[in-house]
Amino acid sequence: MFEFPAKLPVPKAPCVPVMQADLPLSSAILPYLEQMDQNRVYSNFGPLSQQLETRLAAHFGMQSGGVLSASSGSAALVGAILALTGQAAPGRQTALCASYSFAASVSSLRACGYIPQFVDVDSDSWALDPQVLRALPDLAQVGLVVVTAPYGRAPDIAAWESFTQDTGIPVVIDAAAGFDVFTEARLGFSDHVPVALSFHATKAFACGEGGAILSTSADFLTHCRRAINHGFWGVRRVTCDNTNGKMSEYHASVALAELDRWESKAIRFSAVADCYRSTGAEIGIGDQLWLSGDISGVYALCQFESGDRALWAQKALYDHGFDSRFWYGFGLHAEPAFAGFDRGSMTVTNTLSRGLLGLPTSQCLSPDAIAQICKVIASI
Ligand SMILES: *Cc1c(COP(=O)(O)O)cnc(C)c1O
């Protein structure tokens, strides 16, 4: 049976937060709200959401298909799943997923009637490995695979495309935290494997609550649109399993203002990462750090050789006034609501989740503060 570490460190208040949301100022949002006053449209894929979708598709350099706005990353996942398969079919209710992820990955597939089966992740990519999944017994009962791009780390979309074509099992990628990684990597998207992003306040690209589905298939996006619009599209007929997952024009306004300033925000993420990189190298912990470029810039991760060391580091950071976080807890199989679901060995998940500690990344963090954090870690 899984056990939490007996004693988790407790912060000494007040702490430098592990992350601080940074969204557009009201003055930058106002021009869009004024357009809304003119439009008198407040939701239902109105002009501002449409503008956002078009601009985001251009941002990601998409030649076909595009971007569908959604009310959250979870709504994007649910919409993509419902468009791929509808509610889980009897006999194919198993959904393979990683335990090393945020709760919403599993909650979203649960909302579509699937029963999760946790599969351990690869120790290099921290994600599901399509080769491992191909070799699993009972694939006939598997109706869905949800692949988390952990901390936004880019998955091999082409490998998942082959997987879905060879096995006939639909795949959706939960890249909720991947906006900046996907922007920089100029990744190719896919006709068959949709990617879900989140624009939650704590993500790199943020509008409070929001999300998007990306696919190179315009047809598939229409299915998604219907699935997050009560099953309606074109005609007022409920034609599929559905939810209400539309982005409001208010959130689209914030997202448009966020997109207007994205370049400067991305530069600030790089600046924090560069500071960690150079200071970490000087202090001799450079090879433990995972930073913007490989992962989303809202995270700075420090990899420890054992869970005990990571906990000592967390305690030492608290003692110096810095918060830190095990962002994915100790795996979803350790969460009470998910503990009863099937899983194989969770060796890598258990080691990774205890060893990867999220460090503060707020954009106003001073180089001095970063140096202090690195020194505390080096002292462990
Ligand atoms: C943030 C996140 C989600 C959920 O996105 P919401 O917009 O909060 O619904 C899902 N999966 C992962 C991996 C996330 O980081």
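## The cavity

The count comes to one cavity of 30 Å³ or more. Here a cavity is a set of points, on a 1 Å grid over the protein atoms alone, where a 1.4 Å probe fits but cannot get out. Grid points are joined across faces, edges and corners, and a volume is the space filled by probe spheres set on the points. On that basis, the largest cavity has a volume of about 80 Å³.

Its lining (residues with an atom within 4 Å of a point) includes Met-19, Gln-20, Ala-21 and Asp-22, along with Lys-265, Phe-269 and Val-298. By class, that lining has five nonpolar, four polar and three charged residues. Ala, Val, Leu, Ile, Met, Phe, Trp, Tyr, Cys and Pro count as nonpolar, Asp, Glu, Lys and Arg as charged, and the others, Gly among them, as polar.

## A word on the model

This is a predicted model, where local features need pLDDT of at least 70, side-chain atom pairs count only at pLDDT 80 or more, and totals for chains, interfaces and linings use all residues. Residues are numbered from 1 along each chain as its sequence is written, and side-chain values use heavy atoms, with hydrogens and water left out.

## The ligand and its pocket

Where does the ligand sit? The space it takes is the largest pocket, a pocket being an open set of points with protein on both sides within 12 Å along at least five of seven lines. To sit in one, a molecule needs more than half of its atoms within 2 Å of the grid points. The largest pocket has a volume of about 460 Å³. Of the 28 residues that line it, Phe-102, Ala-104, Ala-176, Ser-198 and Lys-203 are the closest to its centre.

Around the ligand (a heavy atom within 4 Å) are residues including Ser-72, Gly-73, Ser-105, His-200 and Gly-210. This shell divides into three nonpolar, seven polar and two charged residues. As for polar contacts (N or O pairs within 3.5 Å), a polar side-chain atom of Ser-74 lies 2.6 Å from a ligand oxygen. A side-chain N or O atom of Asp-174 is 2.7 Å from a ligand nitrogen, and one in Lys-203 is 3.1 Å from a ligand oxygen.

## The second pocket

The second largest pocket holds about 180 Å³ of space. Among the residues lining it are Leu-128, Pro-130, Val-147, Arg-153, Asp-156 and Trp-160. The lining divides into nine nonpolar, one polar and two charged residues.

Definitions and conventions. A polar contact is a pair of N or O atoms within 3.5 Å; within protein, one must be able to donate a hydrogen and the other to accept it, and residues adjacent in sequence count only if both atoms are side-chain atoms.
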